[in-house]
Every structure is written in C-alpha cells, then in structure tokens.
Amino acid sequence: MKSSASKSIAAGAHQTGASGLKHTENTVVAELRPGQSLELLKELHILTRDGRLNQDSRRKLKQVEHLVQFIEKILNELTPAEGQALTLADHGAGKSYLGFILYDLWFKPHGNGVIYGIETRPELVRRSRELAQRLGFERMRFLNESAADSAHDAALPARIDVVTALHACDTATDDAIAFGLAKRAQAMVLVPCCQAEVAASLRRHKALQLARTPLAELWRHPLHTREIGSQLTNVLRCLYLQSQGYAVTVTELVGWEHSLKNELIIARWMGQRQRAAAERLRALLDEFGLQELLAQRFPALSVEAPA
C-alpha cells in the first residue's frame with residue numbers, strides 16, 4: 001500500500017498537471033477568436049490533441065487568420081445576387097486551412113454561402129471531404145482538379161463572388177486570376193508563391209532589349225534573377241487585373257519574420273477597365289523580352305488592339 005506521503009505527492013502532481021493543462025488551454029483560447037472551434041484546430045493539427053499551440057503552428061495560425069480578416073471585410077461588403085448565397089473558391093487549397101477557418105468564423109455564423117476548395121492532390125481532397133463531414137460543415141465542397149481545369153467544371157456555378165489563392169505555386173496564381181475573370185469575381189485575394197516562370201524567361205532570353213544597359217546587372221546573378229522575376233511577375237499581374245476592371249491593393253500579409261512569401265494582392269471589381277494599365281503591361285513585356293507571355297498569361301490583352 002502507498003504511504004499517506006506518497007498519496008499526497010501523487011495528488012499534488014495530479015493537481016499541478018491539471019492546473020498546467022488548464023493554464024495552457026486558457027492561454028491558447030486567449031489567442032483565438034471568440035467562438036472559434038478548438039476541435040477544428042486540432043483536426044487541422046494546428047493545436048495538439050491536448051490543446052497546445054507550438055511556435056510553428058502559432059505562426060501558421062497567425063498567417064491564415066490575418067488573411068481571414070482581409071477576406072471577412074470583403075465578404076461583409078459584398079451583396080450577392082437576389083436569392084443567391086455568397087460563393088468563394090479557394091485555389092491550391094492544400095489541407096484547406098484557409099477554407100475551414102473561414103467557414104468556421106464567417107460562413108457558419110452567417111448560415112449561408114458556399115466554399116469550394118480546389119486542389120490537385122487527391123489524398124488532401126479526400127481528407128478535407130471527410131473532415132467537413134465530421135464537423136458538419138455541409139456547405140463546403142472539394143474538387144480534385146487544377147485551377148485551370150476548374151474554370152470549365154460544370155460542378156461550379158457560373159458566378160463566383162470571391163477567389164482566393166494562398167501560396168498557390170508559380171503559375172497556379174495566374175490560373176486563379178484567369179478563373180476569377182471567367183467567373184466575374186467581385187474580389188480576388190492572392191498571396192503568390194514561387195514565381196519562377198518570368199525568371200526562367202529572363203535567363204533564357206537575357207532581356208535582349210536591356211542586355212547592353214546597366215539594368216542587365218539586375219539579373220546577372222541567379223538569386224537576383226529569381227527575385228527580379230518574382231517582383232516583375234506580381235507587377236504584371238496587378239496591371240492585368242487593373243486592365244480588366246479591378247482596383248488593386250498590394251500590402252504585406254504578415255511580418256517578414258513569419259513568411260518570406262508575404263505579398264498580398266487584393267483586387268476589387270470596379271467595372272472600369274484601365275487602358276493605361278494594359279499599355280504599361282505590354283510595354284514591360286516588350287522591354288524585358290517577355291512577349292511570349294502575352295497570349296499565355298494575359299489572353300484578354302492579346303486579342304485587343306494596342307493603342
């Protein structure tokens with residue numbers, strides 16, 4: 001039999017453990033939004049099973065929830081067509097962190113609206129479907145296809161109100177933009193990632209127009225080529241959106257200490273196409289020897305006569 005001293009120590013340890021767990025839960029809850037589902041965060045492995053939040057998952061949660069705040073503001077300002085619910089398509093959804101947290105914090109409390117998660121990896125689509133069913137998130141749909149193919153999928157409505165792409169890799173962001181234009185999206189929220197296409201073209205053609213000028217130094221080294229290509233890619237995307245009738249804002253998603261892929265592009269439909277933006281886009285393509293991208297990435301401009 002245990003001595004009374006041993007029982008006392010065991011009881012004290014149990015009490016301390018329970019107190020520590022309670023303290024951890026309180027600390028975590030203080031970092032979350034009111035009413036946010038702890039069960040969802042555990043299922044997404046942002047929280048551990050005992051409700052803890054490590055540094056890596058805290059960083060991931062901070063990124064996603066910061067983006068959610070931008071999207072919530074847009075959703076609150078949108079007015080869906082009469083008799084229609086708001087629709088949102090999330091491209092390159094991955095494990096659907098963004099979609100699930102958006103549903104939990106905005107779509108579920110509002111009692112309407114549909115989120116479509118679009119992802120090419122079948123195992124992630126299957127897991128997301130199972131999780132949505134488990135949590136009773138009945139207005140979430142998951143499609144196993146690319147952003148490019150989804151624009152022609154009859155399973156999606158003809159109109160999508162909001163298009164998101166969080167770290168959709170390389171040209172998948174361009175495909176998300178093309179999808180948004182085809183679906184007449186009222187807003188697009190994009191965090192580009194791994195913009196390699198323009199950098200590859202710069203290396204291949206050496207920007208012939210600028211090869212004999214000091215500007216050629218901008219891509220003499222591979223690291224600089226990659227970074228210049230990344231910046232130029234996003235500038236071209238913003239000009240394209242403006243040329244198609246969107247007002248564009250570019251800002252940081254979170255602090256650079258949390259993510260190096262940190263540029264947030266928000267486009268809101270205004271209905272006024274900007275001819276000057278189209279002209280500047282064409283001029284940049286000409287200047288950097290990127291004319292081959294016009295028909296592929298900016299098709300709406302390739303069929304328009306330049307000024």
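Is F107 buried or exposed, and what is its relative accessible area? F107 is buried, with a relative accessible area of 0%. (Buried means under 20% relative accessible area, exposed over 50%, and partly exposed in between, with a 1.4 Å probe and protein chains only.)

1. Ground rules. This is a predicted model: local features need pLDDT of at least 70, side-chain atom pairs count only at pLDDT 80 or more, and totals for chains, interfaces and linings use all residues. Residues are numbered from 1 along each chain as its sequence is written, and side-chain values use heavy atoms, with hydrogens and water left out.

2. Aromatic pairs. The whole structure has seven aromatic pairs. The rings of W106 and F107 have centres 5.0 Å apart and planes at 70°, so this pair is edge-to-face. (Rings of Phe, Tyr and Trp, the last by its six-membered ring, pair if their centres lie within 6.5 Å; planes under 30 degrees apart are stacked, over 60 edge-to-face, the rest tilted.) W106 is buried, at 5% relative accessible area. Ring pairs also link F100, Y103, W106, F107, F137 and F142 into a cluster.

3. Salt bridges. The count comes to 14. (A salt bridge is a side-chain nitrogen of Lys or Arg within 4 Å of a carboxyl oxygen of Asp or Glu.) E43 and R134 meet in one, at 3.0 Å from N to O. E43 lies in helix 2 (residues 38-43) and R134 in helix 5 (residues 122-135), so the pair ties together parts 91 residues apart in sequence. (Helices, H or I of at least four residues, and strands, E of at least two, are DSSP runs numbered from the N terminus.) E43 is buried at 18%, whereas R134 is exposed at 52%. E39, E43, R49 and R134 are linked in a network of salt bridges.

4. D104 is buried at 3%, while K108 is partly exposed at 41%.

5. The cavity. The search finds one cavity of 30 Å³ or more. (On a 1 Å grid over the protein atoms alone, a cavity is a set of points where a 1.4 Å probe fits but cannot get out; a pocket is an open set with protein on both sides within 12 Å along at least five of seven lines; lining residues have an atom within 4 Å of a point.) Helix 9 gives the most to the cavity lining, with three residues. D174 and R237 are among the lining residues. R237 forms a salt bridge with D174, the closest N and O atoms being 2.9 Å apart. R237 is buried at 2%, and D174 is buried at 10%.

6. The pocket. The largest pocket holds about 580 Å³ of space. It is lined by 30 residues, of which G92, A93, G94, L166 and H167 lie nearest its centre. Helix 3 gives the largest share of the lining, five residues.

7. Positive phi. Most residues other than glycine have a negative phi. S96 has a phi near 65°. S96 sits in the loop between strand 1 (87-91) and helix 4 (97-110), and is buried at 2%. C194 has a phi of about 50°. C194 is in the loop between strand 5 (187-193) and helix 8, and is partly exposed at 34%.

Definitions and conventions. Points joined across faces, edges and corners; volume = space filled by probe spheres on them.
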